[in-house]
Amino acid sequence: MAVMPTERGVRLGFALAGLVLAADVATKAAIVAWVEYGTAHEWLPILNIVHVLNRGAAFSFLHDAGGWQRYFFIAIALAASVFLVFMIRRPAMSGMERTSFGLILGGALANMVDRVVRGAVVDWIDVHWGPHHWPAFNMADVGISIGAVLIVVHEVFGRKRLREANG
């Protein structure tokens, strides 16, 4: 029996989620095992490998909120994951949308696993230009960010092409 494009797209979305989740779990385990907490190791002139914990969200939002934010962010990740599974399985989604949602799903699940297991998210990628550092991040954040960019690209360019094609 031939696989319908929609089924392939759904499988791709979930495969990407699994890939992001696996890459994130593996890299965080390596950092925890091999890099002492609080240290930084220069890898490239603009990239350090660090070992830090973020109890908050992006850009350390709510990092020092007292502990309740752990459960708040776990609940948000669970709700977002249910929504993303629904969106990936939705028949009207394009391949790019499923790809985007899969990347975001993998990142959301990976950071949620960290919050459940460690109480905080391990961040280890430190990009900087001289003394100016971007907040440290991880592979889950990379998946979420790429997924978000793909959604924007699809909305700006993909929908525009569809409108042009329909007159």
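Let me start with Asp 114, which makes a salt bridge to Arg 118, with the closest N and O atoms 2.4 Å apart. Keep in mind that this is a predicted model. The two residues sit 4 apart in helix H3, so about one helical turn separates them. Arg 118 counts as partly exposed, at 34% relative accessibility, whereas Asp 114 is buried, at 3%.

Asp 114 also has a salt bridge to Lys 28, 3.1 Å from N to O. Lys 28 belongs to helix H1 and Asp 114 to helix H3, so this pair ties together parts 86 residues apart in sequence. Lys 28 is buried, with a relative accessible area of 1%.

Lys 28 in turn meets Asp 24 in a salt bridge of 2.6 Å, N to O. Asp 24 is buried as well.

Now to helix H3 itself. The helix covers residues 95-118 and spans 34 Å from first to last C-alpha, close to the expected 34 Å. Of its 24 residues, 17 are buried, so the rest of the structure largely encloses H3. After H3 comes Gly 119, with a positive phi near 85°.

Last, the surface. What makes up the nonpolar patch of about 500 Å²? The residues are Met 96, Val 149, Val 152, Val 153, Val 156 and Phe 157. Helix H4, residues 139-165, gives the largest share, 5 residues. Val 153 is in H4 and is partly exposed, at 31% relative accessible area.

Notes
Residues numbered from 1 in each chain as written. Predicted model: local features only at pLDDT ≥ 70, side-chain atom pairs only at ≥ 80, totals over all residues. Heavy atoms only, no water. Expected span 1.5 Å × (residues − 1). Buried < 20%, exposed > 50% of the residue type's maximum accessible area, 1.4 Å probe, protein only. Patch = residues over 30% accessible without salt bridge, like charges linked within 9 Å, V, L, I, M, F, W, Y side chains within 5 Å. Areas by Shrake-Rupley, 256 points an atom, 1.4 Å probe, with all protein chains shown as cover. Salt bridge = Lys/Arg side-chain N within 4 Å of Asp/Glu carboxyl O.
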